[in-house]
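Welcome, and thanks for taking a look at this one with us. Below is a short tour, starting with a single residue and then stepping back.

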Amino acid sequence: MSFQTPITIASAIHNIETNQYLLPAIQREFEWSHTKIEWLFDSIMRNYPISSFLFWRVEGETKQKYKFYKFLRDFRELYKTHNEEFPTNNHNDFTAVLDGQQRLTSLLIGLRGSYAYRTPRLKEENSERVYPTRHLYLNIEHPLDNEEDGRIYEFKFLTSGEYESNPKKWFKVSEILSLSGNYEFNNYLDARELKGNEFSYKSLSDLHNVIHSKPIINFFLETSQSIDKALNIFIRINSGGEPLNFSDLIMSIAVANWDKKDAKKEINDLVDNIRDKGFKASKDFVLKTFLYLHSKDIKFKVTNFSKENAIEFEKEWDRIRDSILSVIDLVKSYGFTDSTLTSKNALIPIIYYLYHRNIYKDFHNKSSYAEDRAIIKKWLHVVLIKRIFGGTSDSILSQIRRAFTEDVVTNPLQFECNEFPLEKITENTKREMGISDEFIDEILSIQKDDIYAFSILALLYPNLDYKNNNFHKDHLHPETAFKSMDKEIQEKFDWKTYNSILNLQMLDANENMSKNGEDLLSWVKGQTKNRDLNKFLDDHLIPNQSDKPDNGLRLEDFPSFVQNRKVILAGRLKALLT
């Protein structure tokens with residue numbers, strides 16, 4: 001490995017566009033934010049070092065042995081993040097980038113491509129409205145002043161509409177690449193009268209110089225054709241660096257050692273499939289799941305993912321993938337969304353159970369598994385409410401796995417397991433699963449739109465149609481009535497109490513439509529014209545204050561209503577969570 005003569009950014013971009021620079025399959029995907037790209041261009045303009053690069057010269061038969069990918073030019077958050085595979089069998093010898101992909105991709109996006117990121121507060125969808133295409137521009141009117149991050153040059157990704165609102169202020173950065181010669185560059189400035197503004201003239205001259213003239217791409221070149229050596233160098237360089245996480249390194253080992261399948265494509269496709277079902281998952285989740293299914297040690301360490309493990313991973317991939325998707329379908333049938341499923345790690349023991357029992361196919365809707373689904377549903381709500389998967393999730397996962405086996409390698413279902421082993425798991429995690437009166441009070445104070453409210457209410461109201469999303473969170477005393485409540489009561493029982501679990505229930509869609517903001521007393525009377533009042537109140541966990549007029553359902557009885565409902569809910573939750 002030797003240090004080579006530096007090249008310009010323009011030369012590097014040319015090499016990328018002519019596929020002289022490619023990415024090896026061991027590389028992770030692009031993940032820089034748009035602001036990080038903007039800062040990179042500011043650093044380049046101010047002659048700050050951007051670190052050296054490590055390239056690998058790929059020649060002869062090596063081109064046919066491994067997979068390589070093109071750089072990503074047009075990035076779209078969530079929806080266009082994968083690199084396109086490039087066939088190299090008949091390609092000339094080329095250079096693979098081992099270190100520096102994020103920086104080179106950022107330069108390519110800024111100088112040739114686009115970056116689409118999500119517009120806040122809009123409903124999620126893959127559209128130009130939610131993810132508008134943006135190109136990189138430079139403010140040529142004036143420098144930034146007193147920026148906390150120290151930037152001087154304002155590089156910014158803008159939509160076409162944002163640019164057109166003030167076109168004299170902005171220069172489209174991609175245009176600089178076509179102005180390679182001084183003659184073309186000066187003609188461009190003269191035609192647009194840009195030399196009259198000193199800052200415009202200087203900033204564009206500096207941009208032209210740093211792209212076309214300054215050789216700032218410093219790189220080392222490895223010429224050995226051994227993938228093992230390339231992988232070793234890659235891991236040594238990146239394992240000590242902050243940007244690359246262990247899942248990327250483990251992914252690299254898998255990619256290098258899978259024989260029949262393309263690991264990168266398979267795992268990316270799985271992550272995309274999970275996304276299309278309404279949930280977000282990462283490579284970390286997929287890789288952690290494999291370790292949990294097959295490895296004694298589940299910690300994210302490169303040493304835990306040997307070549308032998310990678311081969312086992314490929315061999316079992318189809319079953320692992322299908323088990324993961326089956327559990328995603330299962331939790332979706334429970335009514336979870338990505339936001340209410342507060343820990344993806346909680347799914348891993350369920351995946352373990354379905355995978356090793358080989359019952360993952362259609363588990364979420366086969367009638368023969370109905371009782372098992374009910375057990376898993378209760379357990380999942382309980383562990384999410386108790387938040388046991390926190391900073392010590394590896395320890396918790398290991399404790400749970402001991403409910404299935406003491407030796408995952410030789411006998412993954414050592415103990416009899418005809419249904420999800422709820423009692424044994426609870427016994428193994430008793431210390432973490434304990435509850436106190438203070439914890440119950442904390443749960444009951446959860447607000448309506450809190451991410452934990454769904455699990456609490458679903459546990460309290462288990463018999464609704466969650467599978468078809470036929471449920472709604474509802475205020476017992478309606479939201480609109482709070483302002484009309486007596487001021488003295490409001491002072492004692494504020495909005496946080498009124499909007500908490502203490503005044504919430506889960507209704508099926510039809511019941512919720514019939515209630516439609518109606519006061520509690522009127523709604524209960526209407527619902528119990530032909531039904532037993534006591535049973536109705538009991539089923540809906542509504543206190544029956546028979547010593548008060550109208551069973552204490554009037555708004556003026558809110559203080560005693562809350563106190564009595566707290567007793568009901570606290571008792572029910574203690575029974576369910578213990």
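Leaving aside its neighbours within four places in sequence, which residues is S455 in contact with? This is a predicted model, and in it S455 touches F336, H381, L384 and I385.

**Around S455**
- Helix α20, which spans residues 453-460, is where S455 lies.
- S455 counts as buried because its relative accessibility is 1%, and the cut-off for buried is under 20%.

**Helices α1 and α4**
- Two packed helices are described by the angle between their axes and the distance between the axes.
- Here, helix α1 (residues 9-17) and helix α4 (residues 101-112) have axes that come within 10 Å and cross at roughly 90°.
- From α1, the residues I9, A12, I13, I16 and E17 meet L104, L107, L108, L111 and R112 of α4.

**The chain as a whole**
- You will find 26 helices and 14 strands in the chain.
- Along the principal axes, the C-alpha atoms fill a box of roughly 95 × 65 × 35 Å.
- Of the 578 residues in the chain, 52% are buried.
- Taking contacts between residues at least 6 apart in sequence, 73% join residues at least 24 apart.

**Surface and charge**
- The chain has an accessible surface of about 27400 Å², and carbon and sulfur atoms account for 46% of that surface.
- The chain carries 78 positive and 85 negative charges, and the mean positions of the two sets are 2 Å apart.

How values were computed. Residues are numbered from 1 along each chain as its sequence is written. This is a predicted model: local features need pLDDT of at least 70, side-chain atom pairs count only at pLDDT 80 or more; totals for chains, interfaces and linings use all residues. Side-chain values use heavy atoms; hydrogens and water are left out. Helices (H or I, at least four residues) and strands (E, at least two) are DSSP runs, numbered from the N terminus. Buried means under 20% relative accessible area, exposed over 50%, partly exposed in between (1.4 Å probe, protein chains only). Contact means heavy atoms within 4.5 Å. Accessible areas come from the Shrake-Rupley method with a 1.4 Å probe; for residues, only the protein chains shown count as cover. Lys and Arg count as positive and Asp and Glu as negative; His and the chain ends are not counted. The place of a charge is taken as NZ of Lys, CZ of Arg, CG of Asp or CD of Glu. Axes are lines fitted to C-alpha atoms, for helices over the stretch in contact, and angles run from 0 to 180 degrees between N-to-C directions.
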